[in-house]
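Subject: Structure handover

Hello,

I am passing on the structure below. Please look it over before reading my notes.

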Amino acid sequence: MTDGPAEGALGAFAELFGLAAPEPEDARPEPSRRGLFRRLRESIASSQSQAISPQLAGIYQAKMVTDDLWDDLEEALIMADCGMAATTDIVDALREQAAEGRITSGASLGTALTAEITRRLAPEAPRIALGDGPTVILVVGVNGSGKTTTIGKLANRLTELGQKVVIGAGDTFRAAAVEQLSVWADRAGVDIVKQGQGADPGAVAFDAVAAGQARGADVVIIDTAGRLQTQHNLMEELRKVHGVTGKAMAGAPHHVLLVIDSTTGQNGLSQAQLFSEAVPVSGLVLTKFDGVARGGIVLAIERELGIPVTLMGVGEGIDDLQPFDARAFAEAIFSPASGAGA
Amino acid sequence: MFDALTDKLQGVFSGLKGRGKLTESDIDKAMRAIRLSLLEADVSLPVVKQLTTAIKERATGDEVMSSITPDQQVVKIVNEELTRLMGGTNVSLAMSPNPPTVILMAGLQGSGKTTHTAKLARMLAAEGRAPIMVACDVRRPAAMEQLAVLGDQIDVPVHREDGATDPVKVAKDGIAAAKRTGRDVVLVDTAGRLSIDAEMMDELVAIRDAVKPTSVILVVDAMTGQTAVDVAVAFQDAVQFDGVILSKLDGDARGGAALSVRAVTGKPILFVGTGEKVDALEAFHPDRMASRILGMGDVLSLIEKAQQNVDADDAKRIEEKMRGGSLTLDDFLDQLRQVRKMGPIGQLMGMIPGLGQQSKMKDVEIDERRIDRVEAIISSMTLPERARPDIINGSRRRRIAEGSGTTVQEVNQLLAQFKQMQKLMKRMGKGGLPSMLGA
């Protein structure tokens, strides 16, 4: 998988949505998925501060498996925000392998670590399956996690794949959120359903789904206002938006994506728990993954709730939203920065 | 899952009762509990190491070794060390002797810069200053629009240049506009950036060099994890910020980032953001933050909330009624609503030491709905019924159940509970009822 032929990013999206791969002549030249993560690894190496690097270098340089090695491993996982419980799980699993004689050096531990994380995060290829009528995707998350940007990029990709997209501007709270989403809709060339600031988000969601049905859209993406998961009334409102969407179209929303910022620490687990209690979260979008922010919280969320990561934002460009690739993710956060060890 | 440090330490020390003397290994166990607690609160690992070393040194001293309550002693030490590290003297925002004072706002994407620029402007305006905000985020779509809308809300002018691509020019123009219109504080909002994006850091440096700010403020999301150290160092190296605003502290994040940022840069936390509304900006209290990081609840904030929301005369009147045993269902409903005004019960519970953590949230959710039903039931009663619940007979009960969308059983339950409560109060009346709200 790792050494397979470079795959176009658009092709990866086609796979994510279960769509036919785009014709080669349609695909414009763009960085391959592998290339993207290579770029990421380079940015990790060049970043000003690499608090995690000593641990990683320590791991990969070790000739023998010692107590220090396990300490380094534990620290590396903690510093990637994996949380204590997931960290302990992973360390225990690898210790078991070592006891069986399968890990004999730091390098083989590094390989086993990447494999273990990949295994945990990719039990099966996550899909955002598209149905017959419009497929409705509800996007939720705390303030500033990157919902609106994610929707813009997602709409753009779907459009490139020949899908007709309608966006519902359901963040009616934050100042200028509707304007921000409108700019993205223009860029992607998709329809946007909006009302003014302060409008009822449920009404916007209903209208967006209705418009999607009337206009023969393939996908309707509904934005919501950012909310902290502890804000009871706002979580109730979200529950309502979800319910109203189902009234507009039976079975909708088909997917609920929770957007989580890669810099998030252990609070990410609370986010996943409480959002899941309000609405059925079907996948995570890990945004702003830049190598310094390592997003290990998805391992804690996977451990507690089993919610898969479906998408990952690795930068600010419109092409920087990618279907999640567990192996590339594991390699990006736990490979030693180039030059540090080799 | 996130047990308070106190519980953990009690576990460590509970086996020692009667043995009298702490051993080195007892202390080590305690240190591990502290380390875990701090890591779960998102304090960065290097800072945790530094802290546990300092704590261990003190914990092996006499004050713990000879104490009969070593767990409490250790918690006290941890709390003190955290408070000391984050606080010291209360720091305020520096104002330039030659106005206008220029404040440059910096931070990662989504940390809350634009919102907090407006919050700060509102606070300064309320103090009698004349602020102006400058919209230098030329990157994020509609960011300038957002600042303009917020400016309208708080009645503070905004300098913006639609279609601008050079934030340095906008910033300079903004300062000129401030001088021209006699504004004495200029708040410069900038584009959010990823910490490793050298180009955007350069842009921030260019803005700083152009406007020569009195203060540079870094906005840090309270939910930030281990990355907080990297972020703080990156911004410190690039622009040497002077203070920090910790945003989104109204959630349930324990906010270890506050400790990390302070420890690695030495820069003070000036304010905390506690909500989405433009007035949700508060002074930073190191001692409360320490308790919060340790998962020990935030009783002081709870009391403050109660004081803000509960009318003192009302509380007194109710207390007297309670003592006399003449509390009616109407009073009860009143009390219920007063408490609810303070926020969702779950959030309030979160402030109580040992109660508010994750695992309990589910039960709290159920309680909230039960309270909804209690409200509905009482609201469906007539005024005479509320004053004299004894008159509520079978047919009245059926009507109330129907009116409130509940069942007769639920109405019965509430009335029985209320009767019990009244009895209890009569009995306690003479002894004096400890009343939190009457304080």
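The notes below cover confidence, the contact between the chains, a sheet and a helix pair.

This is a predicted model, in which local features need pLDDT of at least 70 and side-chain atom pairs count only at pLDDT 80 or more, while totals for chains, interfaces and linings use all residues. Residues are numbered from 1 along each chain as its sequence is written, and chains are lettered from A and ligands numbered from 1 in the order in which they are written.

Confidence

The predictor gives the complex an ipTM of 0.86 and a pTM of 0.80. The pLDDT is below 50 over residues 354–366 of chain B, a stretch with 24 contacts in the model beyond near neighbours in sequence; a contact means that the C-beta atoms of two residues, placed from the backbone, lie within 7 Å. Residues 431–439 of chain B are also below 50, with twelve such contacts. Where pLDDT is low, the predicted coordinates should not be read in detail.

Contact between the chains

Chain A contributes 39 residues and chain B 43 residues. On the side of chain A that touches chain B, helices H4 (67–79), H8 (177–188) and H11 (267–278) each supply at least two residues. Helices (H or I, at least four residues) and strands (E, at least two) are DSSP runs, numbered from the N terminus. That side of chain A has 13 nonpolar, 20 polar and six charged residues. Ala, Val, Leu, Ile, Met, Phe, Trp, Tyr, Cys and Pro count as nonpolar, Asp, Glu, Lys and Arg as charged, and the others, Gly among them, as polar.

Sheet in chain A

Eight strands of chain A form an open, mixed sheet in the order E3-E2-E4-E1-E5-E6-E7-E8; strands pair if DSSP finds at least two bridges between them. Strands E3 (191–193) and E8 (321–323) of chain A are at the edges with a single partner strand each, so one side of each has no neighbour in the sheet. Strands E1 (residues 135–141) and E4 (residues 219–222) of chain A run parallel, joined by four bridges. A:Leu138 is opposite A:Ile222 in E4(A).

Helix pair in chain B

The axes of helix H3 (residues 45–59) and helix H5 (residues 70–86) of chain B come within 10 Å and cross at roughly 135 degrees; axes are lines fitted to C-alpha atoms, for helices over the stretch in contact, and angles run from 0 to 180 degrees between N-to-C directions. H3(B) and H5(B) are therefore oblique to each other, as angles under 35 degrees count as roughly parallel, over 145 as roughly antiparallel, 65 to 115 as roughly perpendicular and the rest as oblique.

Regards

Technical notes
pLDDT is the predictor's confidence in each residue, from 0 to 100.
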